[in-house]
Amino acid sequence: MPAFPGAHEAVQTIIDSGYDIYIVTGIEEIFRKDRLENLQKVKLLPAEIHCVGTGRSRKDAVIRAIDPVFFVDDRLEHLHMVPEV
């Protein structure tokens with residue numbers, strides 16, 4: 001899957017600002033290698049990737065363990081699970 005226009009620049013700006021990129025994704029662990037290969041092709045490599053299961057799996061415990069300054073998600077329900085971030 002291709003990256004959205006501007007995604008690479010946005011990620012690079014975050015990294016250049018001194019932050020690490022962590023991905024918490026709703027895929028099974030067996031697909032980690034495939035996801036990393038896709039991210040490598042579009043030059044969007046994270047510091048770490050966490051696979052939490054299916055697309056509806058909870059991410060809040062992993063996000064709290066990472067203790068991010070901010071996070072982005074494509075599902076509003078995940079954002080509401082960690083309101084303190």
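Glu37 and Lys33 form a salt bridge in which the closest N and O atoms are 3.5 Å apart; a salt bridge here is a side-chain nitrogen of Lys or Arg within 4 Å of a carboxyl oxygen of Asp or Glu. The model is a predicted one, in which local features need pLDDT of at least 70 and side-chain atom pairs count only at pLDDT 80 or more, while totals for chains, interfaces and linings use all residues. Residues are numbered from 1 along each chain as its sequence is written, and side-chain values use heavy atoms, with hydrogens and water left out.

Both partners of this opening pair, Glu37 and Lys33, sit in helix H2 (residues 32-41), four residues apart, or about one turn of the helix. Helices (H or I, at least four residues) and strands (E, at least two) are DSSP runs, numbered from the N terminus. Glu37 is partly exposed, with a relative accessible area of 34%, whereas Lys33 is exposed at 59%.

Side chains of opposite charge can pair when their charged atoms come close. Glu29 pairs with Arg32, with 2.5 Å between the closest N and O atoms. Glu29 is partly exposed at 44% relative accessibility, and Arg32 is also partly exposed, with a relative accessible area of 25%. Another salt bridge joins the side chains of Asp60 and Arg58 at 2.9 Å, N to O. Here Asp60 counts as buried at 11% relative accessibility, while Arg58 counts as exposed at 54%. Both residues belong to a network of salt bridges that links Arg58, Asp60, Arg64 and Glu84.

The side chain of Asp73 makes a polar contact of 2.7 Å with the side chain of Lys59. A polar contact is a pair of N or O atoms within 3.5 Å; within protein, one must be able to donate a hydrogen and the other to accept it, and residues adjacent in sequence count only if both atoms are side-chain atoms. The side chain of Asp73 also reaches the backbone nitrogen of Arg75, at 2.8 Å. Leaving out residues up to four places away in sequence, Asp73 touches Lys59, His78 and Leu79, where contact means heavy atoms within 4.5 Å.

Lys59 is also one of the residues touched by Thr25. Thr25 lies in strand S1 (residues 22-25) and is buried, with a relative accessible area of 8%. The side chains of Thr25 and Arg35 are joined by a polar contact of 2.8 Å. Beyond residues up to four places away in sequence, Thr25 touches Arg35, Ile49, His50, Cys51, Val52, Gly53 and Lys59.

Tyr19, Val69, Phe70 and Val72 make a nonpolar surface patch of about 430 Å². Patches are made of residues with over 30% relative accessible area and no salt bridge, like charges being joined within 9 Å and nonpolar side chains (Val, Leu, Ile, Met, Phe, Trp, Tyr) within 5 Å. Accessible areas come from the Shrake-Rupley method with a 1.4 Å probe, and for residues only the protein chains shown count as cover. Phe70 is found in the loop between helix H3 (60-66) and helix H4 (76-81).

Methods: Buried < 20%, exposed > 50% of the residue type's maximum accessible area, 1.4 Å probe, protein only.
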